[in-house]
Amino acid sequence: MFSPLNLQSLAGLIVIVVACWLLSENRRQFPWRLALGAVAAQAVLVLALFTLPGSQNVLAAVTGAVDGLTAATARGTQFVFGYLAGGDQPYAVTNASGLFTFAFNVLPLILVISALSALLWHWRILKWITLGFGFVFQRTMGLGGASALAVAANIFLGMIESPLVIRAYLDKLTRSEIFLMMVVGLGTVAGSTMVAYASILGPVLPNAAGHVLVASIVSAPAGILLARIIIPEKPGEGGAVADYGSALKYDSAIDAIVKGTADGLMVVLNISAVLIVFVALVALVNIMIGGVWLFDAPVTVERLLGWLFMPLAWLIGVDWSEAGKAGWLLGVKLTLTEFVAFIELGRVPLEDMSERTRMLLTYALCGFANIGSVGITVTGLSVLIPERREEVLGMVWKALFAGFLTTLMTAAVVGAMPASIFA
């Protein structure tokens with residue numbers, strides 16, 4: 001049955017589309033057919049992944065795979081770091097929850113999944129899955145072959161790794177196509193981080209792995225739509241044809257594992273550095289404004305973010321009584337990365353947040369759209385297409401805006417559906 005919260009999410013969906021239209025470079029060229037098709041595609045994908053016969057078994061298998069990967073990674077991490085990574089403790093443990101360390105319990109997952117992804121790509125398993133999604137996007141959303149393949153790759157690879165799949169065609173892409181690739185890259189997540197997010201949320205959200213996987217897949221049509229609204233394709237341009245060859249190749253299975261591990265290490269180092277710096281900067285700001293009190297409590301960045309993003313949280317379908325906490329988490333994602341936001345979401349006690357709000361936030365947070373990713377996007381694309389660096393710089397903040405709204409749109413679509421679908 002539908003409830004007022006479902007209608008609230010529908011209203012949020014409209015507001016998100018209108019906000020992007022107001023920033024459009026050509027407001028007269030609104031892609032009506034794409035808008036209806038993208039929302040319909042999201043709804044159909046969610047229904048298919050949660051309601052078709054056998055779909056729950058598939059999602060349960062995904063959850064089992066995540067649990068298996070987490071356990072296997074823990075064995076490797078404990079072999080190297082011993083009791084620091086949760087191995088046999090040399091002393092009596094009085095606070096078991098204190099044994100969790102982000103560096104040892106989450107980041108190693110990225111190394112393992114990165115190596116596994118490279119191996120699956122070398123064996124052509126992940127490549128054929130990507131080609132399938134690329135074909136669907138090309139046929140249903142009117143994308144050129146190269147753009148469709150890049151969008152599909154973004155579902156499983158990182159926002160910098162996916163352009164490598166179409167590296168030979170990057171210089172042929174139009175301004176609108178490059179912007180679309182940036183938006184989808186910021187609005188989705190990589191396979192290596194999906195598992196990490198699922199392991200963080202597993203204890204507090206039923207079927208967390210399934211929700212994270214669905215979030216990344218379903219956000220792709222939303223990113224395509226919002227990108228096309230803000231920077232529409234000019235008539236007669238676009239449609240760069242790709243033969244679905246790829247510049248991403250490995251010489252052997254061992255080569256794939258070694259290079260995948262090295263790529264994962266770079267991701268781990270980047271995440272670690274960004275988290276250290278941004279958490280420190282927020283703490284520094286809190287120290288500077290700590291003397292200001294408002295409503296009988298000191299003003300902090302966290303409180304300011306909560307107030308600022310409360311309306312956005314409400315628009316995706318969160319009850320107003322929980323909008324403050326949800327808005328704070330949205331602000332944390334934008335400023336401190338989605339990793340910190342997921343960790344904080346996982347720390348919220350079950351009794352302090354409804355399952356609906358926790359589920360909607362899983363979709364809303366599941367994307368790379370944060371301030372730190374702006375630098376990563378500019379740096380990566382500047383290396384791949386240096387002659388178009390100025391063009392990328394001119395679009396990157398719009399891409400961040402659209403990428404942030406992409407996951408909110410996905411959450412709004414999910415929030416507009418009857419709760420019985422996810423039971």
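Predicted model: local features only at pLDDT ≥ 70, side-chain atom pairs only at ≥ 80, totals over all residues.

Visitor: Leaving aside its neighbours within four places in sequence, which residues is Phe 309 in contact with?
Guide: Phe 309 is in contact with Gly 327, Leu 330, Gly 331, Leu 334 and Phe 404, leaving aside neighbours within four places in sequence. Contact here means heavy atoms within 4.5 Å. Residues are numbered from 1 along each chain as its sequence is written, and side-chain values use heavy atoms, with hydrogens and water left out.

Visitor: Is Phe 309 buried or exposed?
Guide: Phe 309 counts as buried, because its relative accessibility is 7%. Buried means under 20% relative accessible area, exposed means over 50%, and partly exposed is in between (1.4 Å probe, protein chains only).

Visitor: And where does Phe 309 lie?
Guide: In helix H13, residues 301–315. Helices (H or I, at least four residues) and strands (E, at least two) are DSSP runs, numbered from the N terminus. Phe 309 and Ile 287 are 22 residues apart along the chain, and their C-alpha atoms are separated by 22 Å.

Visitor: Zooming out, how many helices and strands does the protein chain have?
Guide: There are 17 helices and zero strands in the protein chain.

Visitor: What does the radius of gyration say?
Guide: The protein chain has 21 Å, which agrees with a compact globule, because 423 residues in such a globule would give a value near 22 Å. That radius is taken over C-alpha atoms, and the globule rule is 2.2 Å times the number of residues to the power 0.38. The C-alpha trace spans about 70 × 55 × 50 Å along its principal axes.

Visitor: How much of the chain is buried?
Guide: Buried residues make up 52% of the 423 residues. The accessible surface of the protein chain comes to about 18700 Å², and 69% of that belongs to carbon and sulfur atoms. Those areas come from the Shrake-Rupley method with a 1.4 Å probe, and for residues only the protein chains shown count as cover.

Visitor: Let's switch to helix packing. How do H1 and H11 cross?
Guide: The axes of helix H1 (residues 4–22) and helix H11 (residues 208–230) come within 7 Å and cross at roughly 35 degrees. Axes are lines fitted to C-alpha atoms, for helices over the stretch in contact, and angles run from 0 to 180 degrees between N-to-C directions.

Visitor: Which residues make that contact?
Guide: From H1, Ile 16, Val 17, Cys 20 and Trp 21; from H11, Leu 226, Ile 229 and Ile 230. They divide into seven nonpolar, no polar and no charged. Nonpolar covers Ala, Val, Leu, Ile, Met, Phe, Trp, Tyr, Cys and Pro; Asp, Glu, Lys and Arg are charged, and the others, Gly among them, are polar.

Visitor: New topic: what is phi for Thr 337?
Guide: Near 80 degrees, a positive value in a residue other than glycine. Most residues other than glycine have a negative phi. Thr 337 lies in helix H14, residues 320–347, and is buried, with a relative accessible area of 9%.

Visitor: What does Thr 337 touch, apart from neighbours within four places in sequence?
Guide: Thr 337 is in contact with Val 274, Leu 275, Val 332 and Asn 370. Its C-alpha atom is separated by 7.8 Å from that of Ala 369, 32 residues apart along the chain.

Visitor: And where is Arg 124?
Guide: Arg 124 lies in the loop between helix H5 (107–122) and helix H6 (125–141). Phi of Arg 124 is also positive, near 70 degrees. Arg 124 is partly exposed, with a relative accessible area of 45%.
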